[in-house]
Amino acid sequence: MQKELTGKVALVTGGSRGIGAATARALADKGADVAVSYAASAEKAEAVVKELTALGVRAAAFKADQAAPAQVRGLIADVVAHFGRLDILVNNAGVLTPGRLDDPSVDPDALARQYAVNIGGVTTAMRAAVPVMADGGRIIIVGSCVASRAAFPGLADYVATKAAVAGYAKGAAHDLGPRGITVNVVQPGPTATDMSPDSGDFAAVLKANTALGRFASPEDIAAGIAFLAGPGAAYITGTALAIDGGFAA
């Protein structure tokens, strides 16, 4: 039986680990050829590529800093040159720089980079992808549950970036609707990755703030992304899907 994404080409930014790597595997398992981008983890990215090719699809890794607009535009061009098309864009790459507004020790350059990656990287990739994306394409942005519930101090700037892309998706959905291109956001709750381990005192607090009392796995989030990338989500656009274990409930 033909898999539902056979013949499609997907790009997952920040696809060398965590949610990005799980998403790359989920899309490949549905038959898509997959490109992953990375900023620094070349070995991890190539390991993901090896996993994907073992699933019988084409795969490749490309280095690009999502904070650098020229590199993001080059990434889109390289993916299309390599695979011949682009159907699915998953804007997954992101950084978290915590810092209270009343903390003078917070690095302003790190905060600026957070905005550049989490907002600029998303919007630049979308603007570069739209002219080359096939009609009926899919754009999925990985946001965060804190966009709708900033439950802890020190997250104001991070929350601002995730709320911004959720709003951007709503506007983009109207712009791209006539071409059948959908634009959606997934908003993960606490998710067990190397950047967010599900152990320790703060992890216990996070778990207690979910209805299910646990962290998500990267595969939990990837399943939602893969659904939005598929034909069954053709009439879903401009929305945010919370995959948060009841964090916002």
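Predicted model: local features only at pLDDT ≥ 70, side-chain atom pairs only at ≥ 80, totals over all residues.
Local features were taken at pLDDT of at least 70 and side-chain atom pairs at pLDDT 80 or more, while totals for chains, interfaces and linings use all residues. Residues are numbered from 1 along each chain as its sequence is written, and side-chain values rest on heavy atoms, without hydrogens or water.

Across the whole structure, eleven salt bridges were found, each defined as a side-chain nitrogen of Lys or Arg within 4 Å of a carboxyl oxygen of Asp or Glu. One of them joins E51 and R25, with an N to O distance of 3.5 Å. Because E51 belongs to helix α2 (residues 42-54) and R25 to helix α1, this pair ties together parts that are 26 residues apart in sequence; helices (H or I, at least four residues) and strands (E, at least two) are DSSP runs, numbered from the N terminus. E51 is partly exposed at 37% relative accessible area, and R25 is partly exposed at 26%. Here buried means under 20% relative accessible area, exposed over 50%, and partly exposed in between (1.4 Å probe, protein chains only). R85 and D87 form a salt bridge at 2.6 Å, N to O; R85 is partly exposed at 36%, whereas D87 is buried at 3%. In the salt bridge between R100 and D102 the N to O distance is 3.0 Å, with R100 partly exposed at 45% and D102 exposed at 57%. R17, K44 and D194 are linked in a salt-bridge network.

D244 lies in the segment after β7 (240-243). The D244 side chain reaches the backbone nitrogen of G246 at 3.0 Å. Beyond neighbours within four places in sequence, D244 is in contact (heavy atoms within 4.5 Å) with C145, Q187, P188, G189, P190 and T210. T124, in helix α4, is buried at 16% relative accessibility and touches P69, V72 and R73, not counting residues up to four places away in sequence.

The largest pocket is lined by 46 residues, of which G94, L96, Y158, T193 and M195 lie nearest its centre. A pocket is an open set of points on a 1 Å grid over the protein atoms alone where a 1.4 Å probe fits, with protein on both sides within 12 Å along at least five of seven lines; lining residues have an atom within 4 Å of a point. Elements that each supply at least two lining residues include α1 (18-29), β2 (33-38) and α4 (108-129).

Terms used:
Polar contact = N/O pair within 3.5 Å; in protein donor to acceptor, adjacent residues only side chain to side chain.
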